[in-house]
Each structure stands twice: as structure tokens, then as C-alpha cells.
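This report describes selected local features of one protein model.

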Amino acid sequence: MSDSPERAHRVPGKRLRNPTAPKLATNQPIVAVVGYPNVGKSTLFNRLTGRRDAVIDPVPGVTRDRRQAGTEWGGREFQIIDTGGIDADDPTPIGRQVAEQARQAIADADLVLFVVDATTAPTSGDLEVADYLRTARVPVIVIANKCERRETELLAQGLWGLGLGEVVPVSAQHGLGIGDLLDVVVAALPEPEIILPRQEGVPALCIMGRSNVGKSSIVNAILGENRVIVHDRPGTTRDPIDTMFEYQGREIVLTDTAGLRKRGRMRDDVEHYSQIRAIQAAERSDVALVICDATEGLTDADLRAVDSAARARCATLVVMNKWDLAQPELDAITGELRAKSRQRPLVEVCSATSGEGLHRLVPAALRLYERRRSRITTHNLNTAIRELAEARPGPRNGKRRLSLRYLVQIDSSPPTLRLDVNDRSLITRDYGFWLENQLRRRFDLDGVPIILQVRDRGG
């Protein structure tokens with residue numbers, strides 16, 4: 001088994017409910033991991049995919065949304081969906097949405113792995129899930145988890161009584177039986193489809209922001225389906241959720257993340273690790289859409305989210321959501337962003353509820369993606385640096401003044417520039433920021449990170 005090199009995970013476009021929404025791309029079989037809460041589904045997901053990005057905690061109900069990742073075994077590549085627990089007795093709105101997400105994953109799947117805790121007799125919740133799976137018309141493999149001892153393996157054979165066919169004993173935590181399970185999974189998968197190679201350079205967009213500003217609602221609105229759980233309680237999304245979709249014939253990855261909080265306000269380990277994974281999701285993305293609540297204006301927490309995206313080297317688009325409820329002064333918001341953010345991000349407005357402005361978000365993000373990949377000719381860079389040196393001569397120390405010698409772009413995504421100077425110790429933080437912002441303005445790179453490397457060239 002090997003960790004998939006792709007950061008994007010595919011879901012079947014043919015199952016979209018909204019025919020006007022972007023199509024989701026697919027080319028690999030889908031395997032859904034389902035079961036009652038707290039039986040080890042996310043641990044098994046991490047073990048099968050070779051990843052550690054599913055939040056695991058002994059408290060039931062940590063996994064809520066459908067999450068997808070690619071894996072490979074015996075030359076077969078396939079996608080695995082991790083789901084929240086199906087608990088028919090949970091009357092809460094989130095409990096109902098979690099169960100609905102799991103049922104949708106079953107509907108999308110080519111194969112279902114039904115995870116049961118082998119250390120106990122099947123619970124009433126297990127039996128309810130089994131009843132549902134018997135009517136789902138999808139192949140099922142029963143996974144007897146937590147089989148660390150021989151006697152537990154023997155007890156696991158009693159799960160044949162669920163009437164769902166083959167039972168495979170494993171210990172997801174210790175990695176026991178995983179190879180045998182993958183052999184069974186690959187044998188049960190449908191025949192592979194013949195597909196064309198995927199186009200290189202797939203844009204990766206990341207939805208970021210503080211809790212309860214409508215991030216998941218915007219994801220669902222863009223995709224045209226209830227891909228992630230939406231609830232008015234802060235902190236509903238905990239794991240980064242990658243979805244591959246197609247926009248005007250172009251594949252795009254869209255990632256929803258947990259709401260960012262101040263470090264001192266994290267309530268538990270699950271929230272702490274969710275924050276870490278939100279930042280990691282930004283680090284593997286090209287563009288961050290930082291969602292803000294228009295009814296509250298631009299807050300310090302929003303500015304921290306913008307700063308987090310900049311540190312992750314994402315191009316940044318600030319999105320004022322809930323525009324149908326309030327219209328703060330955009331000039332003031334833009335001015336504050338220009339004053340307090342080095343990247344000087346652009347601003348769009350929308351309402352995930354009414355749909356106003358949503359059609360502008362993906363095109364605006366794609367423009368930033370292209371600018372992040374842009375290359376500037378050496379001639380234009382050095383023309384600019386000469387004019388800037390004339391407009392504002394470099395700092396000096398005694399008789400020695402900073403001289404800007406030569407500027408060249410050495411990399412893109414994001415644009416990386418190398419500036420040769422006579423003495424790098426003369427460049428001040430203020431002057432460096434001024435140069436960066438002047439170059440950003442001159443070459444239409446507002447909202448795009450610029451890496452400016454300064455090198456001594458003597459003389």
C-alpha cells in the first residue's frame with residue numbers, strides 16, 4: 001500500500017442532484033467506511049490510506065462529514081470515504097445530518113466496509129446499520145475491528161449472523177490483518193475503467209475563516225449539493241474535506257476546513273488538531289478564500305485568518321458572506337486589508353443563502369491562481385527596480401547607501417524573486433515591505449504572495 005501522491009480526492013459527478021452545478025470528477029472505485037459511532041472507522045481510514053489526517057478521539061461522534069482519500073493496493077487505485085457514525089437514536093440536527101452524509105456515501109460507493117467492534121456483541125445500533133445495508137444494493141464486507149487476540153477473532157465469526165456475508169478480522173490500531181483486508185477489497189472492486197491521464201496543474205482552493213461564518217454553506221452552494229454538514233453551531237467541520245469538481249471544463253479541488261480560533265480558546269485536543277489540519281490544508285492549496293461575516297464586518301479574527309493564509313503562501317481572496325443581511329463599507333474594509341495585510345487581498349461579497357455573488361467566487365479565485373503561477377520577464381523587473389530606486393532611494397548607514405543591482409524571478413507558484421544588492425545589511429524591514437508592495441501593485445499581484453530573496457553582490 002502506498003500513500004496517494006494526489007492531494008485531490010474524486011467523487012462521482014453522475015450522482016449530483018443539481019444539474020446546473022459543477023460536475024464532480026471521477027475515475028476510481030469508491031469504498032465507503034461506515035458503522036455505528038466509535039467503532040474505529042477513522043482509525044481504519046487512516047490505516048488504509050497511510051495518512052493521519054482524520055481526527056481520532058475516544059469520544060463518539062468526532063467524524064461528521066464525508067472525507068475522501070486515495071490509496072493503492074496490488075496495482076489497483078481506489079478512493080476511500082470516511083463517514084460519521086450512523087445512530088438512528090440521535091435526535092439532534094447534527095446527528096441526522098451525520099447519518100444522512102453516511103447514507104449518501106453508501107449510495108455513492110461501489111463497495112462498503114461495515115465496521116463493528118468485535119470485542120462486544122453486536123449492539124442495537126450495529127443491527128440497525130446492518131438492516132439498512134441489506135437494502136442498499138451495494139456489496140458489503142463486514143470488518144470485525146479490535147481483534148488483537150485470538151479469542152477475539154473467534155468471537156468475530158459470530159458476525160456472520162448479520163447476514164451480510166464475509167467477515168474480516170482486523171486491528172486498525174495495530175495494523176493487524178490490514179493486508180488480508182485489502183486483498184479482499186481489491187477482489188471485490190468492479191473492473192477498472194480505461195481513463196485518460198489527468199491534466200497537470202489542477203488548481204487547489206481552500207475555504208478558511210473563523211467558526212460559524214458560513215464556510216461549509218459556501219462549499220455546498222458552489223458544488224450544488226450538500227457535500228458537507230451545515231449547522232448554526234460553531235465548529236461543525238473538524239477535518240479538512242477535499243472535493244474534486246469540474247468548472248467550465250476545468251478540474252478544481254475545493255477544500256473546506258475547520259474554523260480558526262485563538263490558541264487559548266481551543267476546548268479540547270480534537271479542536272487543536274483540527275486547527276493544525278486546517279493550516280496544513282492551506283499549505284497544500286494555491287488559493288485561500290477567507291470567509292468573513294458581513295454582519296460583523298472585518299474582525300481581528302478575520303485578519304488572523306488572512307495572515308494564516310499568507311504564511312501558508314496561498315493567494316488570498318476575502319469573501320464577505322451574508323451580504324443579504326448587511327452591507328458594510330467595502331472601501332473601509334479594503335483599506336484596512338491594505339494597511340494590515342502584506343498581500344493586500346481582493347474582496348468579493350456574496351450570500352450563501354440567497355446565492356447572490358456566488359458566481360463570482362470561483363472565477364476570482366482562478367484569476368488569483370493564474371497570477372500566483374505568473375512569470376515576469378527580467379527586463380520588466382529591472383525596469384521596475386530602477387524606477388523604484390529613483391522614486392525612493394535605499395536606506396543608508398553613514399556614507400554607505402543601499403544600491404539595488406539586479407532583480408530576477410527564480411520560481412513561480414508563488415512568484416519568487418531574487419534581488420541582488422550591494423549590502424543586504426542596509427535593507428530595512430520597512431523598505432523591504434515597500435519594495436514588495438510596489439512590485440505587487442505594478443505587476444497586478446494584489447492578493448498573491450511574493451517571496452523576495454535578497455542577496456549580496458558586493459561593490
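## Salt bridges

The count of salt bridges comes to 21, a salt bridge being a side-chain nitrogen of Lys or Arg within 4 Å of a carboxyl oxygen of Asp or Glu. The model is predicted: local features need pLDDT of at least 70, side-chain atom pairs count only at pLDDT 80 or more, and totals for chains, interfaces and linings use all residues. Residues are numbered from 1 along each chain as its sequence is written, and side-chain values use heavy atoms, with hydrogens and water left out.

One of the salt bridges joins the side chains of Asp-293 and Lys-322, at 3.0 Å from N to O. Asp-293 lies in strand β12 (residues 287-293) and Lys-322 in the loop between β13 (315-321) and α9 (330-340), so the pair ties together parts that are 29 residues apart in sequence. Helices (H or I, at least four residues) and strands (E, at least two) are DSSP runs, numbered from the N terminus. Asp-293 is buried at 3% relative accessibility, whereas Lys-322 is partly exposed at 22%. Here buried means under 20% relative accessible area, exposed over 50%, and partly exposed in between (1.4 Å probe, protein chains only).

Asp-420 forms a salt bridge with Arg-457, and their closest N and O atoms are 3.9 Å apart. This pair links distant parts of the chain, with Asp-420 in strand β18 (residues 416-421) and Arg-457 in the segment after β19 (451-456), 37 residues apart. Asp-420 is buried, at 2% relative accessibility.

A salt bridge also connects Glu-436 and Arg-440, with 3.2 Å between the closest N and O atoms. Both residues belong to helix α12 (residues 429-442) and are 4 residues apart, about one turn of the helix. Glu-436 has a relative accessible area of 6% and is buried; Arg-440 is buried too, at 0%.

## Helix α8 and Asp-302

Helix α8 (residues 300-311) has 12 residues and reaches 16 Å from its first C-alpha to its last, close to the 16 Å expected at 1.5 Å a residue; the expected span is 1.5 Å times one less than the number of residues. Its buried residues are Asp-302, Leu-303, Ala-305, Val-306, Ser-308 and Ala-309. After α8 comes Arg-313, which has a positive phi near 65°.

Asp-302 has a relative accessible area of 0%. Apart from neighbours within four places in sequence, Asp-302 is in contact with Arg-210, Val-290, Ile-291, Cys-292 and Gly-297, where contact means heavy atoms within 4.5 Å. The C-alpha atoms of Asp-302 and Ile-291 are separated by 7.9 Å, and the two residues are 11 apart along the chain.

## The β17-β18-β19 sheet

An open sheet of 3 strands has the order β17-β18-β19 with mixed pairing; two strands pair if DSSP finds at least two bridges between them. The edge strands, each pairing on one side only, are β17 (404-411) and β19. From one strand to the next the twist averages 25°. Strands β17 and β18 run antiparallel and are joined by 6 bridges. Val-408 has Arg-418 in β18 as its bridge partner.

Helix α11 (residues 378-391) lies across β17 and β18, at about 145° to β17. Helix α12 lies across β17, β18 and β19, at about 60° to β17. Axes are lines fitted to C-alpha atoms, for helices over the stretch in contact, and angles run from 0 to 180 degrees between N-to-C directions.
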